[in-house]
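Subject: Structure for your review, with notes on what was found

Dear colleague,

I am handing over the structure below, together with my reading of it. Please look through the sequence and the coordinates first, and then compare them with the notes that follow.

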Amino acid sequence: MKCISVYTKDFEVFSDIYERILELNLDDNEETEIDGITVGDAGEIPDDYIEKMRQKPEVAVMRIKKQGVIILQHGEVFEILIPTEEDEEAEETA
C-alpha cells in the first residue's frame, strides 16, 4: 500500500482537503502543501504495518471500503493508505 502523510491534527481540516489529496500524483518522498498543510508521499508500507498500528491505543483507524483506503490518525499526522495495483491483484488471487 502507498502511504500519504498529512501533517495536521485537525480532523476538520483533513476532511476539507482529503479529496484533493487523493487527486495528487506525488513521487516517492515528495512533499507539497495544500491550504498550508504539508502533504507527503511516504512510499510503500510493509504488509504488517496496519496491524501493528491498530494495536496501539493512541491510533484511530478509519476505513473507506469503496476505495479500499485506510486512514490512520496518530499524534499530529494522518496517514492515508491507498492500495496499489499489486495490492488489488493480490486480493483478486486470494
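In what follows, two strands are said to pair if DSSP finds at least two bridges between them. Please also keep in mind throughout that this is a predicted model.

With that criterion, strand 5 and strand 6, the latter covering residues 77-82, pair in the antiparallel sense over five bridges. Within this pairing, Q73 stands opposite F78 of strand 6. The two strands belong to an open sheet of six strands, which are arranged in the order 2-3-1-6-5-4 with antiparallel pairing. Strand 2 (31-34) and strand 4 (60-64) stand at the edges and have a single partner strand each, so one side of each is left without a neighbour in the sheet. From one strand to the next, the twist averages 25 degrees.

Helix 1, which spans residues 11-23, packs on this sheet and touches strand 1 (2-6), strand 2, strand 3 (37-44), strand 4, strand 5 and strand 6, while its direction makes about 30 degrees with that of strand 6.

Strand 1 deserves a separate paragraph. It is joined to strand 3 by five bridges, the two running antiparallel, and C3 stands opposite G43 of strand 3. Five bridges also join strand 1 to strand 6, again in the antiparallel sense, and here the bridge partner of V6 in strand 6 is F78. As for accessibility, strand 1 is mostly covered, with five of its five residues buried.

Turning to the aromatic residues, a search of the whole structure finds four aromatic pairs. One of them is formed by F11 and F78, a tilted pair with 6.1 Å centre to centre and 45 degrees between the planes. Because F11 lies in helix 1 and F78 in strand 6, the pair ties together parts that are 67 residues apart in sequence. F78, by contrast, counts as buried, because its relative accessibility is 0% and the limit for burial is under 20%.

A further tilted aromatic pair is formed by F14 and Y18, with 5.8 Å centre to centre and 55 degrees between the planes. Both residues lie in helix 1, four residues apart, or about one turn of the helix, and both F14 and Y18 are buried. Taken together, ring pairs link F11, F14, Y18 and F78 into a cluster.

Finally, I would draw your attention to H74, which lies in strand 5, that is, within residues 69-74. Its side chain is joined to the side chain of E79 by a polar contact of 3.2 Å. Leaving aside residues up to four places away in sequence, H74 touches Y49, M53, E58, V59 and E79.

With kind regards

Terms used:
Residues numbered from 1 in each chain as written. Predicted model: local features only at pLDDT ≥ 70, side-chain atom pairs only at ≥ 80, totals over all residues. Heavy atoms only, no water. Polar contact = N/O pair within 3.5 Å; in protein donor to acceptor, adjacent residues only side chain to side chain. Contact = heavy atoms within 4.5 Å. Axes fitted to C-alpha atoms, helices over the stretch in contact; angles between N-to-C directions. Buried < 20%, exposed > 50% of the residue type's maximum accessible area, 1.4 Å probe, protein only. Phe/Tyr/Trp six-rings, centres within 6.5 Å; stacked < 30°, edge-to-face > 60°.
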